[in-house]
Amino acid sequence: MEPIVACKNLFKVYHSGGSSVKAVNDLIVSVNQGEFVMITGRNGSGKSTLLHLLALLDQPDKGEVFVLNEPTSHLSEAKKMDFRLRQLGYIFQEYALIAELSALENVMLPSMMLNTSQVAKKKALDILDKLELSNKLNRLPSELSGGEQQRVAIARALINDPKVIFADEPTANLDTVSSKHILEIFKALNEKENITIIMVTHEPEELFYASRQIKLSDGRLA
Amino acid sequence: MKSQLRLPFYLTFKYLQRGNVWTLLLTSFMMTVAFVNAIFVSALFNGIVVGSNQQIIDTYTGNIYVAPKDGEDYIKNGDMLVANLEDISGVSVASSRTVIPGQLEYKSIHGNWQILAIDPEQESRVTNVADKMIDGQYLNPDDENGIIIGRQIAGGDGVEENAFSFKGAHAGEKVDLILNGQRTQFTIRGIFYTKFLESDKKAYVTKKALTKLIPGVNDNSTMVAIRTANNVSENSTIEKIKASGVTENIFRWDEVAGTMKAVSTSFTSINALMTLVAIMMAAVTVFIVIYVDIVNKRKQIGILRAIGIRPYIIISSYVIMAAVYSIIGVALGTAAYYLILVPYFNTHPFVLPICDAVLHLKYVDYLARAEAVMWVSAFSGLIPASLVVRAKMLNAILGR
């Protein structure tokens, strides 16, 4: 099976106060389509950095990231942006919704880059309905609970039918019930819609939902 | 693609609709203040220039000034010329005057001031000296021994040129007019104060008094002041006067304004400089206000980039937002200027030694300043948004 996301000899170094830390150190990772992969490790092990690099949100110092079999190091920022828009969905730990947009508008936004606003609205309504947010369409992020905000963020990540969803500790700010709900949504997306999910987590019990674990330590595979 | 083009407007509308209302109010207020500052300075200096120019026209030269032909001392048949001029289209009224080459003496203080013989009724239609009496009264046409003098001749406390004046003459007192060594006593009928220094250094007697002093002078005038009809071009009226056969020298008022023309030119230069400073201040204010607003939205801009919104859409939305702020500022500034400042200064003008100045904003200046504020605002949106969009996306999102 062809890997949908992979990296080869990946390096990322952070410089701070005269010292440098290898957040990602010569990593080789490969994720196949349909997998639900959880990246785990202690604080500072490089989990989030790896996720940012794989999701094309950050630039490696060395090495190559492959998305849909295409090497990405030579791609322009515009092309990477196009990849993120059409092929990848990203979910932030702190939801990262636009404060001035309602739940519906937040979800519509990426789709409005590719479709008319009518089409974007129809797609957003469908997804929000599936995520049980039909009664919160016009609420602003500040009027939603943490779990609801994260579901809106998931809906936004799904709006352009991505092949891969990246999630950076999506349950870190949620209570147990909301966390379980979010993970079940991921599981359903993975199993029913064959969307590849790559998620960073701190919680060992969440591994139950994953098909595979990538454990990092000091920027390397543990 | 069409939807993409609408996105910046959509985002701007949502930011304004649901953003912090205090940010919107404060930014709009700052833009209003910046715009009012830009137009106020210009309007004030224009007001001083227009006010002082109007003082010259109203108190001395009229709009058009006729002087004797080159090489001649007098305009012959001045009153007939006045009658002919008043028949020309564009000319409202005219007044002939004769300068008396004499000296005035009051309580052993004597000095050389310009003494003009006038027809008081004719003169009062061209200049407003008759309305500017601060002591006594204006001349009666039949008065053969009365004189009115300007405040700078009468002198007194607070008078600008008191040192060279009668140092406190009043209406009813006597003053001698010395002409060719002959001394004739006149009664000061009144003292006028036009607030135009040059006019306030003149004295007027009637033509009847002059005829009594110099019987041969008859109807010889040394100048004719003409008031044009409202909204009639001075240049076109001059052409019509020349075409009617008048061969005397004809000047527009500003050609004989003397030192006031230099003052007026200086004010115009200062106005240009101050306006430039005001626009720069407006530019800096607008830039800071919008820059702070955009920098506060750095994380939001990072998120938009992360979810695939193109930089040009993000930048455009902030440029449009800055333009909206500037439109609000210009609109509120215009309202504040015309509804508050203009009425206030019309009733409380700036009292200056040369005139009472009110605000006077040229339409062209208004448009130029409104345009300048809008361009500055657009750049103020463009530059910080471009910088933030170019910054590392993750740093923007994670607040690093």
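1. Both faces of strand β11 in chain B are covered in this predicted model. On one side lie B:M223, B:A225 and B:R227, on the other B:V224, B:I226 and B:T228, and all of these residues are buried.

2. Strand β11(B) pairs with strand β1 of chain B (residues 64–67) in the antiparallel sense, over 3 bridges. Within this pairing, B:V66 stands opposite B:V224.

3. Strand β2 of chain B (residues 91–100) also runs antiparallel to β11(B), and 6 bridges join the two. Here B:V93 is found opposite B:R227, a residue that is buried on one side of β11(B) together with B:M223 and B:A225.

4. In chain A, strand β8 (residues 196–200) is likewise mostly covered, with 5 of its 5 residues buried. A:T196, A:I198 and A:V200 point one way from the strand, whereas A:I197 and A:M199 point the other way; all are buried.

5. The pairings of β8(A) are parallel with β3(A), through 4 bridges, and parallel with strand β7 of chain A (residues 164–168), through 5 bridges. A:V37 stands opposite A:I198 in β8(A), and A:D168 stands opposite A:V200. Between β7(A) and β8(A) the chain passes through helix α6 of chain A (residues 176–193), and this β-α-β crossover is right-handed.

6. A:S45 counts as buried because its relative accessibility is 2%, and the cut-off for buried is under 20%. Leaving aside residues up to four places away in sequence, A:S45 touches A:A23, A:T40, A:L216, A:S217, A:D218 and A:G219.

7. Attention is also drawn to the surface of chain B, where a nonpolar patch has about 890 Å² of accessible area in total. The patch is formed by B:V284, B:I288, B:Y291, B:V292, B:V295, B:W375, B:F379, B:L382, B:I383 and B:L387. The elements that give two or more residues to it are α8 (259–295) and α11 (363–390) of chain B.

8. One of the patch residues, B:L382, is placed in helix α11 of chain B. B:L382 has 32% relative accessibility and therefore counts as partly exposed, since that class lies between the limits of under 20% for buried and over 50% for exposed.

Note on methods. Residues are numbered from 1 along each chain as its sequence is written. Chains are lettered from A and ligands numbered from 1 in the order in which they are written. This is a predicted model: local features need pLDDT of at least 70, side-chain atom pairs count only at pLDDT 80 or more; totals for chains, interfaces and linings use all residues. Side-chain values use heavy atoms; hydrogens and water are left out. Buried means under 20% relative accessible area, exposed over 50%, partly exposed in between (1.4 Å probe, protein chains only). Two strands pair if DSSP finds at least two bridges between them. Contact means heavy atoms within 4.5 Å. Patches are made of residues with over 30% relative accessible area and no salt bridge: like charges are joined within 9 Å, nonpolar side chains (Val, Leu, Ile, Met, Phe, Trp, Tyr) within 5 Å. Accessible areas come from the Shrake-Rupley method with a 1.4 Å probe; for residues, only the protein chains shown count as cover. A salt bridge is a side-chain nitrogen of Lys or Arg within 4 Å of a carboxyl oxygen of Asp or Glu. A crossover is right-handed if, with the strands pointing away from the viewer, the path from the first strand over the helix to the second runs clockwise.
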